[in-house]
Amino acid sequence: MLEFDHVSYQYPGEDFDIIDQLSFRAAPGSFHCILGVSGCGKSTIFRLINGQLVPKSGEIRVGGAPIGGQKRYCGYMPQKDLLFPWRTVWENVALPLEIAGCLSKAQRRDRAEQALRDVGLEGCAAKLPRELSGGMRQRAAFARTMLAGCDLLLLDEPFSALDFLTRISMQEWLLDQWQRHHKTILFITHDVEEAVFLSSSVLVAARTPIRRLEEAHVPAPFPRTRACLARPDMAALKEQLIDTLRKQVTP
Amino acid sequence: MKAAKRNLPALAFLLALVMLWQLGAMELGAAYILPTPAQIAEKLWQLRVPLFTVHLPATLSVTAVGLGISLVLGLLLAVCMDASPLVRKVLYPLVVASQTIPTTAIAPLFVLWFGYGLWSKVLVTILITFFPIAITVYDGFRSASQEMAELLQSYGAGVGAVFWKVKIPCALPYFFSALKMAIPMSVIGAAIGEWLGAQRGLGYFSRRMMTQLDGAGVFAPIVLLSAAAMLCVALVSLLERRVLRWRDGG
């Protein structure tokens, strides 16, 4: 589904490549978390995938084809929900369809209401974003990402601003959505427990510049409940990942 | 009812000021220098026909035409400066420089160049209102969220879609602020233009009363000007609340 082939990127004004000859791949239908400390360059990987940044060298392929020749090949959900406050919830959710310009307003509204029902937000279509709670806003943002109609979803710390209880219920909800829709998900986080609970394998950005992502397979099978985090092999994986991250921040 | 309750302190203070003015002016006893509010109200009533049928429409015409042109030019300049850093670099200093010109000094020149008709007054109005509209709306465009723009671009949006769906909504609150600032300024601009050279208008009427040492006659058109400006600002505020309903408390 997604392939990074010796990709390098250097920010203007920097004297080193923050992404340096990085190669990795994500199989169709997989759920990978990219784990790393803040500022290590995780989000740069997403910005390269969604075309906001252009690699200095190397090639990124989605579905076997270079991203340069493609449009609308990935759905991107940033850390903030970025719901437009002047639009109703359904108008926000329908934004990808509106940009694509292929449906009438009534059709867009139908699709948006369906997507809202899928994420448990029926009855919220005509509300304004400020009338929703943090968790509801993230679900609306996820519905919008789904309506982009792409098989590859890039989720950049989408739950980091939520309180603990909302966050864990959103994690369970996201796993359920992934299993129902069979999307390929890349999920950035710096929360080890979140990475271990959500993903089929964790890709660790162990140092900056990012030259490789160390892959750690998560042993618990799907479907998962939070009880799986108590398994000894899961606890051991958590400790191993924490050790890896600690090495990164210890001078 | 709610609005009346909210504005009660301001109204009470205004009433106290008017009463103080009334008492002070009565004590002074020189209506040609400082007429009482009651004398001004009486004069307004006496002169209601020429004021409301000739001079107020003349001033409002200048204000409307001047403000309309300022809006078109200001918005156009704001869009161009936002779209092109080169345009901003070239025009921004000129726009700022235009504000350093003392309006009362240049207005007589406009009368010389364009005569006593509408356009000399309109130019004064444009000179005063163009700057706040252009700069405030430009700031509104600059305030647009880069993250929202990038999100739209990730859906395949081009420059036009980002402009209409992100920049314009982000700039709207700034636009209304600019408009509320520009309305009183355009009324002032029209009055200055009329004061310096006109055949009708509230500024012209006020000046004519001055030559007759009619204090109440000088104040009456000024009161009318203020009332007209306040009414227009109130209408714009009403429109703003309807259009920007999504804002907190909107």
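**Terms and values**

Tutor: The residue E3(A) has R25(A), in β2(A), as its bridge partner. This is a predicted model, in which local features need pLDDT of at least 70, side-chain atom pairs count only at pLDDT 80 or more, and totals for chains, interfaces and linings use all residues. Residues are numbered from 1 along each chain as its sequence is written, while chains are lettered from A and ligands numbered from 1 in the order in which they are written.

Student: What makes β1(A) and β2(A) a pair?

Tutor: Two strands (E runs in DSSP, at least two residues) pair if DSSP finds at least two bridges between them. Strand β1 (residues 2-9) of chain A and β2(A) have 5 bridges, in the antiparallel sense, so they meet the definition.

Student: Why are β2 and β5 of chain A said to stand at the edges?

Tutor: The open sheet has 4 strands in the order β2-β1-β4-β5 (chain A), with antiparallel pairing. β2 (19-26) and β5 (65-66) of chain A each have a single partner strand, so one side of each lacks a neighbour in the sheet.

Student: Why is α5(B) called hardly covered?

Tutor: A residue is buried if 20 or more other C-beta atoms lie within 10 Å of its own, exposed if 12 or fewer, and partly exposed in between, with C-beta atoms placed from the backbone. Among the 14 residues of α5(B), the count of buried residues is 0.

Student: How do you know that chain A touches chain B?

Tutor: Contact requires C-beta atoms, placed from the backbone, within 7 Å. In chain A, 18 residues are in contact with 14 residues of chain B.

Methods:
Contact = placed C-beta atoms within 7 Å.
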